[in-house]
Amino acid sequence: MGQVIAVVSGKGGTGKTSFCAGVAVALCALGEKVLLIDADSGLRSLDLVLGMSDRVLFSYGDVIDGASSLKEAAVKHPIVKNLRLLTAPGTQETGMGYNEWQIAALLDRARAHFTYILVDCPAGFGSEVMRFARHADRAVVVSTPDHTALRGAQRMGVQLCAAGMDRLRIAVNRVRAGMIDKGGAVNIDAAMDQAGMALLGVIPEDRDVIACGNLGRVLVLFSSGYARVAYANIARRLRGSRVRLLEGVRLKK
Ligand SMILES: Nc1ncnc2c1ncn2[C@@H]1O[C@H](COP(=O)(O)OP(=O)(O)OP(=O)(O)O)[C@@H](O)[C@H]1O
Ligand SMILES: [Mg+2]
């Protein structure tokens with residue numbers, strides 16, 4: 001049975017979609033069969049970041065409605081073997097139309113075919129997020145190292161705990177050592193304290209994430225930067241390996 005991981009945040013733009021794409025590719029490189037679900041109806045973006053917008057025809061809504069099979073709707077990545085994308089319905093109204101039990105059944109079907117299912121959620125704790133998060137096996141809250149995003153992460157954690165989620169970790173994204181040293185960013189220990197969550201990983205600021213996201217390129221194939229290494233470390237940790245926090249990663253000054 002596969003494991004469903006809801007990737008969430010309090011504040012928007014913290015790096016959830018980039019995290020999903022980076023970690024999914026890293027999991028595939030470790031031999032896992034991965035399904036990415038875009039749960040951001042209306043504002044879906046994983047297809048763009050993965051360079052797959054011309055391939056997606058059916059959404060998770062079509063699978064629930066029976067208009068498409070999961071196999072047909074979950075389209076293969078053009079380069080990364082074992083990676084598939086199931087996109088969100090095109091409008092928010094459509095996405096809102098599915099109830100919690102339909103989402104739970106969709107995730108169960110996905111568990112039967114994939115070893116990891118990463119759900120790229122919209123920001124905040126709206127009903128679309130909670131419908132997915134309540135039926136996930138674990139959740140990762142992605143935050144940047146600033147007080148606004150960390151407060152959002154803490155609030156998100158409280159909501160998820162109240163919904164019964166007990167496997168909850170934070171990933172701190174866009175970290176720059178220089179900013180922490182100069183007090184312009186919160187240090188990692190303080191970030192964990194403020195968010196009230198254990199740490200899954202740290203991802204450095206890396207302009208290759210922006211460039212690859214804009215060009216729809218796979219980070220691991222087109223970058224020698226440290227974000228790529230950080231996503232790989234996180235993938236190994238998700239699989240239960242013990243990996244040092246910044247193994248192979250240097251934070252820019
Ligand atoms: N580690 C990083 N280094 C540099 N830029 C990054 C990093 N992570 C994400 N970004 C950039 O930050 C922006 C927002 O990232 P992304 O779209 O992944 O966030 P999001 O949390 O999914 O946003 P939303 O809440 O709108 O769905 C993008 O331009 C992305 O390229
Ligand atoms: Mg996103």
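How many helices and strands does the secondary structure of the protein chain come to? I looked this up and found 13 helices and eight strands, where helices (H or I, at least four residues) and strands (E, at least two) are DSSP runs numbered from the N terminus.

I noted that this is a predicted model, in which local features need pLDDT of at least 70 and side-chain atom pairs count only at pLDDT 80 or more, while totals for chains, interfaces and linings use all residues. Residues are numbered from 1 along each chain as its sequence is written, and chains are lettered from A and ligands numbered from 1 in the order in which they are written.

Next I looked up the sheet, which is open, has mixed pairing and runs in the order β3-β4-β2-β5-β1-β6-β7-β8; two strands pair if DSSP finds at least two bridges between them. β3 (75–76) and β8 (198–204) stand at the edges with a single partner strand each, so one side of each is left without a neighbour in the sheet.

I then followed β2 (residues 34–38), which runs parallel to β4 (residues 83–86) and is joined to it by four bridges. In this pairing I found leucine 36 opposite leucine 85 in β4.

Last, I turned to ligand 1, which has 20 residues around it, and Gly12, Gly15, Lys16, Thr17 and Ser18 come nearest; a residue counts as near if its C-beta atom, placed from the backbone, lies within 6 Å of the molecule. I saw that α1 (16–29), β7 (168–175) and α11 (207–215) each supply at least two residues of this shell.
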